[in-house]
Amino acid sequence: MIIRNYKFCLYPNPQQQKKLQNNLAVCRWVYNRFVEYTQDKFVARNDLNYMLVELKQEESWLYNYHSKMLQMVSTQIDAAQKSLIELSKKGHKTGKLKFVRYDQYRAFTYNQRGYKFDKHGNKDLLWLSKIGYVEMRKHREASGDIKQVIISKSKSEKWYAIVTCEIDGAVLSRIDFRKAIGIDVGVKNFAYDSDGSATSNPLNLAKLLRPVARIQRKIARRKKGSNNHKKAVKFYQIIHERIKNRRKDFLHKLSTQYTKKYDVAFVERLAKLNMVKNHRLARNILDSSWGTFTSMLDYKCKMLIEVSARNTTIDCSRCGKSVSKSLAVRTHKCDMCGLILDRDHNASINILKKGLHIFNIKLPQELREVTPVETSKLSRKQEDTIRFYLTEVH
Ligand SMILES: [Zn+2]
C-alpha cells in the first residue's frame, strides 16, 4: 500500500479560526489528561479510548467535538508511549511523557470520516464535521482514496490541511514508470540525477551573501531610528528579496525541467535535524532550497516519492557492496565490481533503485552498467531497450 500526503492552504474566516483554535485546545486538553494517566504505567490505546468515554460523561462539553478527532489523541499517546519504550530499549535515557504547552500543540486529525471536499463556484472548500466549510486552495487534485485529514497551524499562524491518500491501481496505471528518475541533492551539485546529468549550484551563495554581511554590519553600527539606519535596513531587505527571487527562479526552472521529462521523481527524505542544527546562513538557504525544490517537484510532477536516505552514498549502485567514503571523496570506486562513478551519480541511482523497489520494479542491468561518459552516448535504441525492460517488469 502506498500512502501519499498532499498539503493545502486553508483560509478560515475569523470565526472559523476561533473554531479551529478551539479544536486544538480541546485536543491538547485531552492529550494532557492522558499524559497524566500514563505517568507511571503504559496504557494501551483501547484503554485510553475507554477513558475518553468516561471523560465525556464527566465533561459533557466534549460531545461538541468530532469524536473521531478525540480518539486520534489516544492513537497519538499510544504512539508516543511506544516510541519512548523503543528509545529506552536502544539505551537512550527517557523520561515520562511530557505535558504539552499551548504553542507546542499544533495539529488535530480527522481520520476515516468527518471531512469532505467541495466546490462552490470556483472556490474549493473543505467541510469538517462540527466545524463547517472552510475555504482552501487546492493547487492540485488529491488522487487516491482519502484516509485522513490533518489540520495544522504553522508557527506563523497559517492553517493547512494535510490530506493522506492511499494510492490505488487506477492512479498507478496513469504513471509511466519508464519515466522515473532518482535525484540526489547536495552541496557541490545542487542536483545529480540517475540519468547522469548534474546541475551545479548556481546560487553562488558565498558571493551573494557578501553584501548581506556588509549591510548587516552597517545596520549594527548605525543609530537605531536614524535615517541612515532606516536606509540600511531598507537596502538589506532589497538584497534579501533579490536572493530570494533568484533562488525561487532557479528552483522553478529546474523542477519544471524535470517534470517535463519524467513522470515519477524519487528523492531522499532530508534529515530535518541537520537542517535545524546548522546556523550558517548560506547552509540554511541551501537546506531550505532543497525542501522547496522537493515540494515544487511534488506539485508539478505526477508523483514524487521520498525514500530513506540510508546508505545511498555508501552502497555501490551496481553490486550493492558497501563502500564507505568521507565527504571529501567525490568518486565512488567499487573494488568488488569495478564501478567508478561520481559519488552523487551513484547515490542518485541508489535512490532510483529504492524508489522503484517500492513498486516492485527492478532497475535494468543496462542502466547499472553505464558510466557517466557512456550515458551521454547512449543510443536511441539502447534507451528504448531500457525503457522496454522497465515495462516488461512492470
Ligand atoms: Zn560494486
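Modeller: Two residues are in contact if their C-beta atoms, placed from the backbone, lie within 7 Å. In the protein chain, 65% of the contacts between residues at least 6 apart in sequence join residues at least 24 apart. This is a predicted model: local features need pLDDT of at least 70, side-chain atom pairs count only at pLDDT 80 or more, and totals for chains, interfaces and linings use all residues. Residues are numbered from 1 along each chain as its sequence is written.

Colleague: How many helices and strands has the protein chain?

Modeller: Helices (H or I, at least four residues) and strands (E, at least two) are DSSP runs, numbered from the N terminus. The protein chain has twelve helices and 14 strands.

Colleague: In what order do the seven strands of the open sheet stand?

Modeller: Two strands pair if DSSP finds at least two bridges between them. Here the order is E2-E6-E7-E1-E5-E4-E3, with antiparallel pairing. Strand E2 (107-111) and strand E3 (115-120) are at the edges with a single partner strand each, so one side of each has no neighbour in the sheet. Angles run from 0 to 180 degrees between N-to-C directions of axes, which are lines fitted to C-alpha atoms, for helices over the stretch in contact. With direction ignored, neighbouring strands of this sheet are turned by 35 degrees against each other on average. Six bridges hold the antiparallel pair of E3 and strand E4 (residues 123-128), and Tyr-115 stands opposite Leu-128 in E4.

Colleague: Which helix lies across E2?

Modeller: Helix H1 (residues 14-37) does, running at about 90 degrees to E2. H1 also lies across strands E5 (132-137), E6 (145-153) and E7 (159-167).

Colleague: Which residues of H3 are buried?

Modeller: A residue is buried if 20 or more other C-beta atoms lie within 10 Å of its own, exposed if 12 or fewer, and partly exposed in between. Buried residues make up 25% of the 394 residues in the protein chain. In H3 they are Met-69, Leu-70, Met-72, Val-73, Ser-74, Ile-77, Asp-78 and Gln-81. An α-helix has 3.6 residues a turn, so residues three or four places apart point the same way. The buried residues of H3 pack against H1, helix H2 (45-58) and E2.

Colleague: What span does H3 reach from its first C-alpha to its last?

Modeller: The expected span of a helix is 1.5 Å times one less than its number of residues. H3 (residues 67-89) has 23 residues and reaches 34 Å, close to the 33 Å expected. After H3 comes Gly-91, with a positive phi near 95 degrees.

Colleague: Which strands stand at the edges of the mixed sheet?

Modeller: The order of its five strands is E10-E9-E8-E11-E12. Strand E10 (198-200) and strand E12 (303-307) are at the edges, each with a single partner strand, so one side of each is left without a neighbour in the sheet. Strand E8 (residues 180-185) runs parallel to strand E11 (residues 264-268), joined by four bridges; Ile-181 has Ala-265 in E11 as its bridge partner.

Colleague: Which residues have the most contacts inside the largest nonpolar core?

Modeller: A nonpolar core is a set of buried Ala, Val, Leu, Ile, Met, Phe, Trp, Tyr and Cys residues joined through C-beta atoms within 7 Å. In the largest, of 27 residues, they are Ala-265 and Phe-266. H9 gives the largest share of this core, five residues. Leaving aside neighbours within four places in sequence, Ala-265 is in contact with Ile-181, Ile-183, Tyr-258, Leu-297, Cys-301 and Leu-304. A second, separate core of 25 residues includes Tyr-6, Val-30, Met-69 and Val-163.
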